Amino acid sequence: MASTADSTHARIVAAARDEFARYGIAGARVDRIAKAARTSKERIYAYFRSKEKLYEHVAAAELAAAADAVHLDPADLPDYAGQLFDYFTAHPDRYRFIAWGRLELAPASASASAPVDSPYRDAILGKIATIRRAQEAGDLDSSWDPVDVMAVVSQLAHTWLDQATLAAVADQAATDPALAARRAAVIRAVSAIFPPKPRS
């Protein structure tokens, strides 16, 4: 019986990930998730109290998967950017899932003093703390605010995922249309801003 419950739970999570990646949190429909998971809405709500709680559960699993695949070394931010590029280029659905959450769970005001209450808050704060420690150890330029470091590197790494039209134009108009050339451009840009620390 436990294996059946586990199987149903796994189907719900997989269907929810696809639904949220396609429609976002607000646009996702629990009835579509139930149909794709071959279960009922009532069963979904028995596992997860609300659509938002379901999103949070799936988001935690997605963050764990990304953390296993992408490792932040503040002494080599170009490599980190390359890992981000590789992971989300290989899994664009996972990038869309996370992007929807960041968009819809953002605070109502950019000046809001309360911390962002979302599945991504702790992950972001953990990375910022890692960057700050590296600065204190002399492994990274301390003139940068750690928050800005995180924002700049992440944005550069995600450039081609965030700009689908430009990426499509690059396929035809770039001197070198290969995906590897876009990756190299990301790493070159991050290296120019945050040169990796030479290994001793």
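**Reading the aromatic rings**

A: Let's start here: Phe 88 and Tyr 95 are both buried, where buried means under 20% relative accessible area, exposed over 50% and partly exposed in between, with a 1.4 Å probe and protein chains only. This is a predicted model, in which local features need pLDDT of at least 70 and side-chain atom pairs count only at pLDDT 80 or more, while totals for chains, interfaces and linings use all residues. Residues are numbered from 1 along each chain as its sequence is written, and side-chain values use heavy atoms, leaving out hydrogens and water.

Q: How is a pair of aromatic rings described?

A: By the distance of the centres and the angle of the planes. Rings of Phe, Tyr and Trp (its six-membered ring) pair if their centres lie within 6.5 Å; planes under 30 degrees apart are stacked, over 60 edge-to-face, and the rest tilted. The count here is seven aromatic pairs. In one of them, Tyr 55 and Phe 97 are stacked, because their ring centres are 4.6 Å apart and their planes at 15 degrees.

Q: Where in the chain are Tyr 55 and Phe 97?

A: Tyr 55 is in helix α4 (residues 51-69) and Phe 97 in helix α6 (residues 92-104), 42 residues apart. Helices are DSSP runs (H or I, at least four residues), as are strands (E, at least two), numbered from the N terminus. Tyr 55 is buried at 1% relative accessible area, and Phe 97 is buried at 0%.

Q: What about the rings of Phe 88 and Tyr 95?

A: Their centres are 5.5 Å apart and their planes at 70 degrees, so the pair is edge-to-face.
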